[in-house]
Amino acid sequence: MSEVCALFVSDLHLQPAHPATSTAFFSFLERHARHAQQLYLLGDLFEYWAGDDDIADPFHQQVVAALRAVSDAGVAVYWIAGNRDFLVGARFAEAANLTLLPETWVADIGGRQVVVLHGDAQCTQDIKYMEFRAMVRQPAWQQQFTAMPLAQRKAIVEGLRADSRKEQSGKSYEVMDVTPEAITEVFAQTGASVMIHGHTHRPALHHVGDKLRYVLPDWEPDATPPRGGWIAIDVDGVITRHDLSGAVILND
């Protein structure tokens with residue numbers, strides 16, 4: 001088996017209420033990520049992140065320590081913010097010894113030009129979400145929000161999550177999915193031949209002309225059947241998808 005150049009995961013939505021997910025993630029880090037050259041975390045690692053001053057929470061400390069162990073093993077760890085944890089900042093990055101990347105990032109991985117992103121910015125048909133996203137990604141909004149007491153921020157986030165669940169129940173999958181036009185634009189702007197993203201919770205391989213778009217799964221080991229997994233690219237540029245057991249999922 002060729003050496004693994006990079007691993008990609010997203011949408012774990014880690015939280016104390018779902019310990020099976022945390023256990024599965026820590027196992028993935030120990031058994032797989034520590035033996036790769038690079039690890040890309042492509043958003044929504046946490047169910048939500050109210051600010052780096054919440055890093056002292058015991059659960060968050062456990063996640064930070066697990067990521068730090070991967071980095072200390074010589075793996076380059078990269079982070080792209082999701083729609084749930086876009087407030088992760090420099091303090092978290094320093095503690096976990098990872099690199100924060102911009103919303104869209106292109107890298108040569110295994111001889112392939114790969115563009116990585118979370119995917120929410122490409123859901124352009126969801127007008128209400130796109131308006132909300134534009135607001136909360138503004139530095140001025142974030143500065144004002146993080147100046148509030150942590151308990152108040154958490155209460156606000158909980159309210160937003162409840163509102164989001166209600167709104168999503170009335171939206172079609174098509175509205176909440178990426179749009180072909182947005183995907184084509186990313187490929188055109190970056191010159192990449194491969195795209196990897198999460199967010200939609202609809203894992204698949206899509207052919208976009210001569211280009212490939214891989215969608216990562218969300219993680220929920222307690223579901224029936226269990227959900228979760230990752231994508232790997234080896235040093236020869238071979239791309240494989242893996243389920244939580246590590247088994248390879250045959251490509252379409």
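Predicted model: local features only at pLDDT ≥ 70, side-chain atom pairs only at ≥ 80, totals over all residues.

Which residues form one aromatic cluster? The cluster is made up of Phe25, Phe26, Phe28, Trp219 and Trp230. Residues are numbered from 1 along each chain as its sequence is written, and side-chain values use heavy atoms, with hydrogens and water left out.

**Aromatic pairs**

Rings of Phe, Tyr and Trp (for Trp, its six-membered ring) are taken as a pair if their centres lie within 6.5 Å, and planes under 30 degrees apart count as stacked, over 60 as edge-to-face and the rest as tilted. A search of the whole structure gives 13 such aromatic pairs. In one of them, the ring centres of Phe28 and Trp219 are 5.9 Å apart and the planes stand at 75 degrees, so this pair is edge-to-face. The pair links distant parts of the chain, since Phe28 belongs to helix α1 (residues 19–31) and Trp219 to the loop between β9 and β10 (229–234), 191 residues apart. Helices (H or I, at least four residues) and strands (E, at least two) are DSSP runs, numbered from the N terminus.

Another aromatic pair, Phe46 with Trp79, is tilted, at 6.5 Å centre to centre and 40 degrees between the planes. Phe46 lies in the loop between β2 (38–41) and α2 (58–72), whereas Trp79 lies in strand β3 (residues 76–79), so the pair ties together parts that are 33 residues apart in sequence.

| Residue | Relative accessible area | Class |
|---|---|---|
| Phe28 | 2% | buried |
| Trp219 | 4% | buried |
| Phe46 | 0% | buried |
| Trp79 | 2% | buried |

**Salt bridges**

Side chains of opposite charge can pair when their charged atoms come close. With a salt bridge defined as a side-chain nitrogen of Lys or Arg within 4 Å of a carboxyl oxygen of Asp or Glu, the whole structure holds 14. Asp120 and Arg137 form one, with their closest N and O atoms 3.9 Å apart. Asp120 is buried at 2% relative accessible area, and Arg137 is buried as well, at 18%.

Glu158 and Arg161 meet in a salt bridge of 2.7 Å, N to O, and both lie in helix α6 (residues 150–169), three residues apart, about one turn of the helix. Glu158 is partly exposed at 36% relative accessibility, whereas Arg161 is buried at 13%.

Two strands pair if DSSP finds at least two bridges between them. Five strands form an open sheet with mixed pairing, in the order β5-β6-β7-β9-β8. β5 (104–109) and β8 (204–208) stand at the edges with a single partner strand each, so one side of each has no neighbour in the sheet. Within the sheet, β6 (residues 112–117) and β7 (residues 194–197) pair in the parallel sense over three bridges, and Val114 has Val194 in β7 as its bridge partner.

Methods
Buried < 20%, exposed > 50% of the residue type's maximum accessible area, 1.4 Å probe, protein only.
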